[in-house]
Amino acid sequence: MTTTALRTAEWRRRLLRRHVLAAAAAMLLRLAAAAGIAALVLLLVVVARDGLDRLSWDFITSYPSRIATRAGIRSALLGSLWVVGLTGLLAVPVGIGAAIYLEEFAPRNWLTRLIETNINNLAGVPSIVYGLLGLALFVRAMDLGRTVLAGALTLSLVVLPIVIVSAREGLRAVPYSIREASLALGATPWQTVWHQVLPAALGPMMTGVILALSRAIGETAPLITVGALLFVPFDPRGPMDSFTVLPIQIFNWISRPQPAFHQAAAAGIIVLLAVLLGMNAVAIALRYWSERRRQW
Amino acid sequence: MATAEAPLAVRRSPRRRRLLRLREAPILGLLFLCAAISIFTTVGIVAVLVEEAVGFFREVSILEFLTESRWTPLFVEKHFGVLPLLSATFLISALALAVAVPVGLGAAIYLSEYASPRLRAVLKPALEVLAGIPTVVYGYFAITFIAPEILQRLLGQQTLFSALSAALAMSVLLLPMVSSLSEDAMRAVPGSLREAGYALGSNRFEVAVRVVLPAALSGIVAAVVLAMARAVGETMIVTIAAGNVPNLSWNPLEAMQALPAYIVQVSLGDTPAGSLEYKTIFAVGLALFVCTLGLNVAAQWLLSRFREAYE
């Protein structure tokens, strides 16, 4: 049989069908990829449409109010700063410590495997469940009350798996030869980690820390469970003060029926997204800078 | 850095080095404690949930909890049937996945098989931005855009709150999870398999669907299962957009209350510790924890059991 004999009318029909199908599929796939971007743009447009007019310096420096047009985010923004700052102080050293242990020192045994599986599972636990833990453990059992500290402890547990996973990735990227060189020169294991491995892994680690903290800034549910207040007309001044945070203030305004409060919510969202954007920009800059500095 | 110190270390006697190592033992212990905190966290979660839930089930039978069709713990006449909350959680998650999985998978195929490297370098991070947006923002999007502009106008939804509105907002959140993890799995499929497909006369779409997709299936299924776990536990979107009415119904245009939304509702009120209402949120939390843990374990098992090694 020759090739021309194979190219029957039936063969041609099938080839055409395959071409048409492939072309149609390519269009659909492109649409699917564009759909996510379209949703993102739409979301930003809706928020900007509702909130830009309401945004002003007064909005940022005013306390919340029962009168929608006078309400501001001062106490919520300060509350977010306190809670997320404290979360960072708690979660970052512990997370990096855990990462160093698992990556540099842990023996390959059942206990290490248990810890690793456990961290993976914790990353998938819904944050509201951490809120219940925080409520029973920090607020009630340890009697911290509905304070900034209780909220920060709870959020540290939420972000800890993120810090650990990204810190481990940073450590893993440091080539083994650096450790061997340090050990060969007589440094102890800890001296090797502290003076060689950690400085080399700092860039990617900081990126992970910032991503974890931006997750903490957006968290709402666990802090509601822990008992952040909905109406805070004062500045939180320390870890033992009661507090609210920006997403909870936004949630409070969203739950009211009046459109004026929805505008305040949209303006609050713009501030929240701006803060997140700033943090992500820093993370990207750090990644770029640390990759340029890397010499191996 | 340590370069100035290294010569010193060389001159140290073996005895002094042993001493140094001994001095490092506490540091090592401290690092181990940091890692062990994750175990304490899990133990703490299980202990807290089980303890309070046991207190709850002492007053309400498990049978009533799982079969009664009314959930009215905050009313005078109390009923403790978790079914309305479970069905709402299931319905909203299923609808969200029904949108997010096909679209996310399509986006993943496009990114992995069609897009140029430059386009992918822009598109993938842009999609991942969606996963980083706080969930209250999606709630806002649902009640100020999805519900009034789409559902009420086009589908004749009666109230502002509905399961479908929450599900659509959630699908946007899940989209990058599905697409990003699936794309990673598809990119891990070696080029030689694709080339074999092309050599046999397949076109790009046929290679994507008949060669790459099956080869990456375990990773894709794991991505979907992880998205499912995220959907079940997602709190703020369902609290804001689905309404807070326990409602045993399969009509997605009705208002409903999902499991996590009930926890928020009780937390917002002033519920004294030790009361039955206080214990209900831990029983509901336990149900939620069991569901998501099951899904996460399944995803990890899939990933490790069926990890294709093409080396």
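Modeller: The answers below go from the contact between the chains to single residues. This is a predicted model, in which local features need pLDDT of at least 70 and side-chain atom pairs count only at pLDDT 80 or more, while totals for chains, interfaces and linings use all residues. Residues are numbered from 1 along each chain as its sequence is written, and chains are lettered from A and ligands numbered from 1 in the order in which they are written.

Colleague: At what angle do α2(A) and α6(B) pack?

Modeller: The angle between α2(A) and helix α6 (residues 135-154) of chain B is about 85 degrees, and their axes are 10 Å apart. Axes are lines fitted to C-alpha atoms, for helices over the stretch in contact, and angles run from 0 to 180 degrees between N-to-C directions. The two helices are therefore roughly perpendicular, a term for angles of 65 to 115 degrees.

Colleague: Which residues meet there?

Modeller: From α2(A) come L43(A), V46(A) and D50(A), which meet F141(B), T144(B) and F145(B) of α6(B). By class, this contact has four nonpolar residues, one polar and one charged.

Colleague: Turning to α9(B), which of its residues are buried?

Modeller: F205(B), V207(B), A208(B), V211(B), V212(B) and L213(B) are buried. A residue is buried if 20 or more other C-beta atoms lie within 10 Å of its own, exposed if 12 or fewer, and partly exposed in between, with C-beta atoms placed from the backbone.

Colleague: What covers them?

Modeller: The cover includes α2 of chain A, together with α4 (83-114), α7 (163-187), α8 (191-199) and α10 (217-233) of chain B.

Colleague: How is chain A divided into domains?

Modeller: Domain 1 of chain A is 9-51 and domain 2 is 58-293, with bounds from an automatic or database domain assignment. Their C-alpha centres lie 37 Å apart. Four residues of domain 1 of chain A are in contact with six residues of domain 2 of chain A.

Colleague: Now N121(A): what does it touch?

Modeller: Not counting residues up to four places away in sequence, N121(A) touches L293(B), N296(B) and V297(B). N121(A) lies in helix α5 (residues 110-123) of chain A. N121(A) is partly exposed because 17 other C-beta atoms lie within 10 Å.

Colleague: Finally, is D143(A) buried or exposed?

Modeller: D143(A) is exposed, because 8 other C-beta atoms lie within 10 Å. D143(A) is placed in the loop between α6 (127-141) and α7 (148-172) of chain A. Phi of D143(A) is near 60 degrees, a positive value in a residue other than glycine. Most residues other than glycine have a negative phi.

Key:
Helix = DSSP H or I, 4+ residues; strand = E, 2+ residues; numbered from the N terminus. Contact = placed C-beta atoms within 7 Å. Parallel < 35°, antiparallel > 145°, perpendicular 65-115°, else oblique. Nonpolar A, V, L, I, M, F, W, Y, C, P; charged D, E, K, R; others polar.
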